Amino acid sequence: MENIIRQFFEFDKIETCQPFGNGHINDTYKIELIKNELKCSYLLQRFNHQIFKRPFAVMENIGKVSEYLLRSDYPLQILRPYKNKKDEWLYIDQNQNYWRIFNFIEDTVSFDKIETVEQAYEGARTFAVFAKAFSGFDVSKLKSTIPGFHNGETRLINFENAVENARPKRKELAKKIIAEIFEQQLFFKKINRLKLPLRVIHHDTKINNILFKINNFKAVAVVDLDTVMPGVILSDFGDMVRTFTNSAEEDEKDTSKVEMRKDIYRAVEEGFLSEVGAILSEEEKRYLKFAGPWLTLMQSMRFLGDYLTGDVYYKTKYPAHNLVRAKSQLALFRSMQGVLS
């Protein structure tokens, strides 16, 4: 680790280096360095370039949005990357691992699950503050680092290929859920026909991507900017609805426990619109209620596609983990259809 960190900074010694967080994609460490008798904290990440095929484009986007926020009156703290001694955002080690370093935001805590309507409101309001900050930003300056990331029709094509090339035993175990997803595929075409305006979109609006002040639980920062790129507002609102309102864990095996919490949904809607209501078009507002089911069905399809092709994208803890996730998300989709119809 020392050699990697020295590609970015000079320091006297490493005080601590320990795993941090529980993300699905990257490996993250909190490091504490001693520099001239002062202790400085940073986030060190091994960036998963197998998932993000355009790592330097991802970092270019993060650099642009963080610099823009630093120059604006954005009210939150900013997770910003540091360039290495070669003036690059990433260092590639001898094993072809990609490494990067961010500032560490102190005295904060994150949550993996929404427990109260107050948390839901504050979380949704905070992601809306992030979205609103870019209302004057030229979205064409950002690259689409994962083309079709929240395009349901593109994901459907990928899913069809996954089914066609699936491992036979896994395909047999998943045949009922495969059929149900195909029955709902028109949902994706309906959203694509809307032609909503492109905005700067976070694309991963889970509650654990917000840091809260440890002593009063007020939002401090929006983090994990790897998927920030052009998109439609339904992406961010939909992923909040998917992850905030679920009564159970994302990988709950007992789907009878999975349902959409209506009071949490109302808090998400109110918190989000309190900040961005004035900048959204009438069409964007009208279709917000479709965003949760759309994103949830898409996520079920993504989990299932990964299961069928051997768990190459999401980290798993047991062989059927992605299948369980897919079934749980489909149960949530059904519940949303009932609540929001």
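Biologist: Why is Asp 87 called exposed in this model?

Modeller: In this predicted model, Asp 87 has a relative accessibility of 53%, and because exposed means over 50%, the residue counts as exposed.

Biologist: What makes the pair Lys 83 and Asp 87 a salt bridge?

Modeller: The closest N and O atoms of Lys 83 and Asp 87 are 3.7 Å apart, and since a salt bridge requires a side-chain nitrogen of Lys or Arg within 4 Å of a carboxyl oxygen of Asp or Glu, the pair qualifies. Lys 83 itself, at 35% relative accessibility, counts as partly exposed, because that class lies between the 20% and 50% limits.

Biologist: Where do Lys 285 and Glu 282 lie, and what makes Glu 282 exposed?

Modeller: Both lie in helix α10, three residues apart, about one turn of the helix, and they form a salt bridge with the closest N and O atoms 3.6 Å apart. Glu 282 has 55% relative accessibility and therefore counts as exposed, whereas Lys 285, with 32%, is partly exposed.

Biologist: Why does the radius of gyration agree with a compact globule?

Modeller: For 341 residues a compact globule would have a value near 20 Å, and the chain has 20 Å, so the two agree.

Notes: Residues are numbered from 1 along each chain as its sequence is written. This is a predicted model: local features need pLDDT of at least 70, side-chain atom pairs count only at pLDDT 80 or more; totals for chains, interfaces and linings use all residues. Side-chain values use heavy atoms; hydrogens and water are left out. The radius of gyration is taken over C-alpha atoms; the globule rule is 2.2 Å times the number of residues to the power 0.38. Buried means under 20% relative accessible area, exposed over 50%, partly exposed in between (1.4 Å probe, protein chains only). Helices (H or I, at least four residues) and strands (E, at least two) are DSSP runs, numbered from the N terminus.
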